[in-house]
Protein chains: 2
Amino acid sequence: MIFSKRFAVFVLRFLALGASISATTIMITSRETVEVLNIKFEAKYTNTPTFVYFVLMNAIASGYSLILLFFPAKNKFGHFILVLDLIMVLLLDSSISACLAIGQVAKKGNSHAGWLPICGQVHKFCDHAAIAVVAGFVASILYFIIVLYSIHNVMNLFTLKN
Amino acid sequence: MIFSKRFAVFVLRFLALGASISATTIMITSRETVEVLNIKFEAKYTNTPTFVYFVLMNAIASGYSLILLFFPAKNKFGHFILVLDLIMVLLLDSSISACLAIGQVAKKGNSHAGWLPICGQVHKFCDHAAIAVVAGFVASILYFIIVLYSIHNVMNLFTLKN
């Protein structure tokens, strides 16, 4: 029973690792060079601080997932690991929301602020970045499930014993 | 002992209610009219979908906090309330991160995308919105503490009984 629970969490962490590595890689490799009015312009993630933040958070999540795959949580660290998992969900959630806010401006623009939409010019870059955000979203959902699973297990044991 | 724990959570929820109501109100009342090249321009939160999202999430958090103040969690709903608290942290975290991403562009602009900074023109509006985001941040920290506190209490009881 305990083994199968550990295995379920292991699989979830493995999938989360895959999703966050994909998110990091896809965002880093998103590049598109376009020529606007004879001026060459290269769209890349380092142009936008929000995308750099996204890459950083997903790289942290990847490293964290990798460490926990090789050093599975012992019971006495369970509490601490749950809090770390929770922080990981928050960091991923934060990076996705920030990217979506910027993506919304990139796609639709903001006429009140005078910000023009740019996805018309660099649609390949925009599509790539969108796929990266989806991968980050999958990673955050997986971490959310890990957190719910841990809370649920503890709560169930708590309820049974009392 | 149980009474003092309930009281601590009550105080945290009351403070979170205050913070999220402040965040909602300050963001809604942020308005500034400026004249640029003889054209009157009004900066308000409804101009930016991200700020509308922020107001909506903080309004939801306010309503949720209010309901839980009057109907304190019974033990059998503890599990469910903890998950709702967790979702509240995620929604607030998401709304703050989205606002910070937009705020960064409003303050610094993004020369690569051709988005000019606008806080120079509407600095009063920017300052107001920044205070709202700080209030939202306080609300999310308070909810994070409530979640940690709930997890900690359950874990402690679990450890003691086993």
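Which backbone nitrogen does the side chain of Ser62(B) reach? Select Ser62(B) together with Ile21(B): the side chain of the serine reaches the backbone nitrogen of Ile21(B) at 3.5 Å. Before going further, note that this is a predicted model, in which local features need pLDDT of at least 70 and side-chain atom pairs count only at pLDDT 80 or more, while totals for chains, interfaces and linings use all residues. Residues are numbered from 1 along each chain as its sequence is written, chains are lettered from A and ligands numbered from 1 in the order in which they are written, and side-chain values use heavy atoms, with hydrogens and water left out.

**First stop: around Ser62(B)**

Remain at Ser62(B), which lies in helix H2 of chain B, residues 49–70; helices (H or I, at least four residues) and strands (E, at least two) are DSSP runs, numbered from the N terminus. Ser62(B) counts as buried because its relative accessibility is 9%; buried means under 20% relative accessible area, exposed over 50%, and partly exposed in between (1.4 Å probe, protein chains only). Beyond its neighbours within four places in sequence, Ser62(B) is in contact (heavy atoms within 4.5 Å) with Leu17(B), Ser20(B), Ile21(B) and Thr24(B).

**Second stop: chain A as a whole**

Now select chain A, which has four helices and two strands. Read along the sequence, these elements follow the pattern α-β-β-α-α-α. Of the 162 residues in chain A, 46% are buried.

Select Leu91(A), which is placed in helix H3 of chain A. With a relative accessibility of 25%, Leu91(A) counts as partly exposed. Display Tyr53(A) and Met57(A) as well: Leu91(A) touches both, not counting residues up to four places away in sequence.

**Fourth stop: where the chains meet**

Show both chains and select the residues in contact: 38 of chain A and 39 of chain B. The area buried between the two chains is about 3600 Å², and carbon and sulfur atoms give 76% of it; buried area is the accessible area (1.4 Å probe) that two parts lose on being put together, summed over both. On the side of chain A that touches chain B, helix H2 (49–70), helix H3 (78–108) and helix H4 (123–161) of chain A each supply at least two residues. H3(A) provides the largest share, 16 residues. Six residue pairs are in polar contact between chain A and chain B, both residues being at pLDDT 80 or more.

**Last stop: the axis**

Chain A can be laid on chain B with an RMSD of 0.0 Å by a turn of 180 degrees and a shift of 0.0 Å along the axis. That is the relation of a two-fold axis; copies are superposed by least squares on the C-alpha atoms of residues with pLDDT of at least 70 in both. Finally, select Ala98(A), whose C-alpha, at 2.1 Å, comes closest to the rotation axis among the residues of chain A.

Terms used: Polar contact = N/O pair within 3.5 Å; in protein donor to acceptor, adjacent residues only side chain to side chain.
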